[in-house]
Amino acid sequence: MTLIAASKIKVESTADLVLLLPAVTDLSPNPVAPLGDLTIVGTNLNLVSGIVFNGVATPVTSFISQSATAIVVKLPAGAKKGKVILSVANSTLTVEAPMTLTFIGDLPPLAPMDYLMYDDQFRNNWQDWGWNRTADYSNTENVREGLKAVKVTYTGQFGGVKFANAAIATASYKEVAFSVYGGAGTNGKTIKVTANGNGASSKTITIQEGQWTEFKFNITDIGNPANLTEVLLGNTDWTGVIYIDQVGLRKP
């Protein structure tokens with residue numbers, strides 16, 4: 001470490017400066033009850049000045065108890081499944097807990113995808129080339145798994161979210177899958193799922209308002225393309241908001 005004395009002469013110490021930071025080794029209980037007490041276990045936790053929970057913009061700065069090895073904190077209203085971020089006192093530094101905080105009553109995890117098109121972000125070069133919609137690809141309002149989902153606002157008749165700009169050979173895959181959460185007024189509305197622009201072979205799904213539904217069906221139901229180059233989720237003569245998460249393919 002280099003020090004500058006009052007004489008403006010630089011002096012270098014023989015020892016490196018070691019910066020102590022908080023570290024989290026456990027969250028308990030996990031899953032936790034909404035508005036319940038959470039114990040954060042780790043080291044140097046006496047250096048924590050605030051805790052940010054997913055879904056709550058304002059950090060929690062008042063704790064039930066705090067020591068170097070544990071913090072007990074009451075969960076704020078609106079806290080959702082996601083990462084827990086600790087603010088370090090007297091700095092702008094933050095530390096993220098390595099595990100995800102979950103809540104009692106959360107949906108069970110989905111079966112893993114063998115090929116991903118979207119989870120928290122687009123994967124494998126896929127993009128959205130849709131129209132007559134606005135889309136937020138990092139939305140946290142309603143998330144099926146992970147930390148983010150796609151919030152889609154269909155603004156015109158027969159619009160769509162179009163996964164494009166990539167390709168995957170389908171021979172070793174069986175199933176197309178994705179999850180949809182229906183916003184207000186979408187119950188019973190339908191989405192037409194089309195592959196590679198083949199409107200003659202499509203699959204129609206029905207949205208359930210206020211809850212997540214995973215839709216999964218055989219690739220043969222959408223034309224059985226040898227190479228999948230686009231997937232369109234088109235609204236059928238309605239406008240409204242949905243959320244899309246965990247999009248991909250599964251093997252037999």
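In strand S13, Ala149 is the bridge partner of Asn139. Strands here, like helices, are DSSP runs numbered from the N terminus (strands E, at least two residues; helices H or I, at least four). This is a predicted model, in which local features need pLDDT of at least 70 and side-chain atom pairs count only at pLDDT 80 or more, while totals for chains, interfaces and linings use all residues. Residues are numbered from 1 along each chain as its sequence is written, and side-chain values use heavy atoms, with hydrogens and water left out.

## Strand pairing

Two strands pair if DSSP finds at least two bridges between them. Asn139 belongs to a pairing of this kind: strand S12 (residues 133-139) and strand S13 (residues 149-154) run antiparallel, joined by five bridges. S13 also pairs with S22. Those two run antiparallel as well, with five bridges between them. Thr153 has Val241 as its bridge partner in S22.

Strand S4 (residues 37-43) pairs with strand S7 (residues 70-74) in the antiparallel sense, over five bridges. Val72 in S7 is the bridge partner of Thr39. Strand S6 (residues 65-66) pairs with S7 too, antiparallel and over two bridges. There, Gln66 has Ile71 in S7 as its bridge partner. A hairpin of three residues connects S6 to S7.

## Aromatic pairs

A pair of aromatic rings is described by the distance of the centres and the angle of the planes. Rings of Phe, Tyr and Trp (its six-membered ring) pair if their centres lie within 6.5 Å; planes under 30 degrees apart count as stacked, over 60 as edge-to-face and the rest as tilted. The count by this rule is nine aromatic pairs. Phe122 and Phe163 are edge-to-face because their planes stand at 65°, with ring centres 5.7 Å apart. The two residues come from distant parts of the chain, 41 residues apart: Phe122 sits in the loop between strand S10 (115-118) and strand S11 (127-128), Phe163 in strand S14 (residues 160-164). Both Phe122 and Phe163 are buried (buried is under 20% relative accessible area, exposed over 50%, partly exposed in between; 1.4 Å probe, protein chains only).

Tyr181 and Tyr243 also pair edge-to-face, at 5.7 Å centre to centre and 75° between the planes. Tyr181 has 17% relative accessibility, so it counts as buried. Tyr243 is buried too, at 6%.

Ring pairs also build a cluster. Its members are Tyr118, Phe122, Tyr137 and Phe163.

## Salt bridges

A salt bridge is a side-chain nitrogen of Lys or Arg within 4 Å of a carboxyl oxygen of Asp or Glu. By this rule there are seven salt bridges. Among them are these:

| Salt bridge | N to O distance |
|---|---|
| Arg144 and Glu145 | 3.9 Å |
| Lys162 and Glu230 | 3.5 Å |
| Glu214 and Arg250 | 2.7 Å |

How accessible are the partners? Arg144 is buried, with a relative accessible area of 8%. Glu145 is buried at 17%.

Lys162 and Glu230 form a salt bridge. Lys162 lies in strand S14 and Glu230 in the loop between strand S20 (227-228) and strand S21 (231-235), so the pair ties together parts 68 residues apart in sequence. Lys162 counts as buried, at 18% relative accessibility.

Glu214 and Arg250 form another salt bridge. Glu214 is partly exposed at 24% relative accessible area, whereas Arg250 is buried at 7%. Glu175 joins Glu214 and Arg250 in a network of salt bridges.

## A nonpolar surface patch

Patches are made of residues with over 30% relative accessible area and no salt bridge; like charges are joined within 9 Å, nonpolar side chains (Val, Leu, Ile, Met, Phe, Trp, Tyr) within 5 Å. Accessible areas come from the Shrake-Rupley method with a 1.4 Å probe; for residues, only the protein chains shown count as cover. One nonpolar surface patch is formed by Leu19, Leu21 and Leu93, with about 270 Å² of accessible area together. Leu21 lies in the loop between strand S2 (10-12) and strand S3 (23-28). Leu21 is partly exposed, at 35% relative accessible area.
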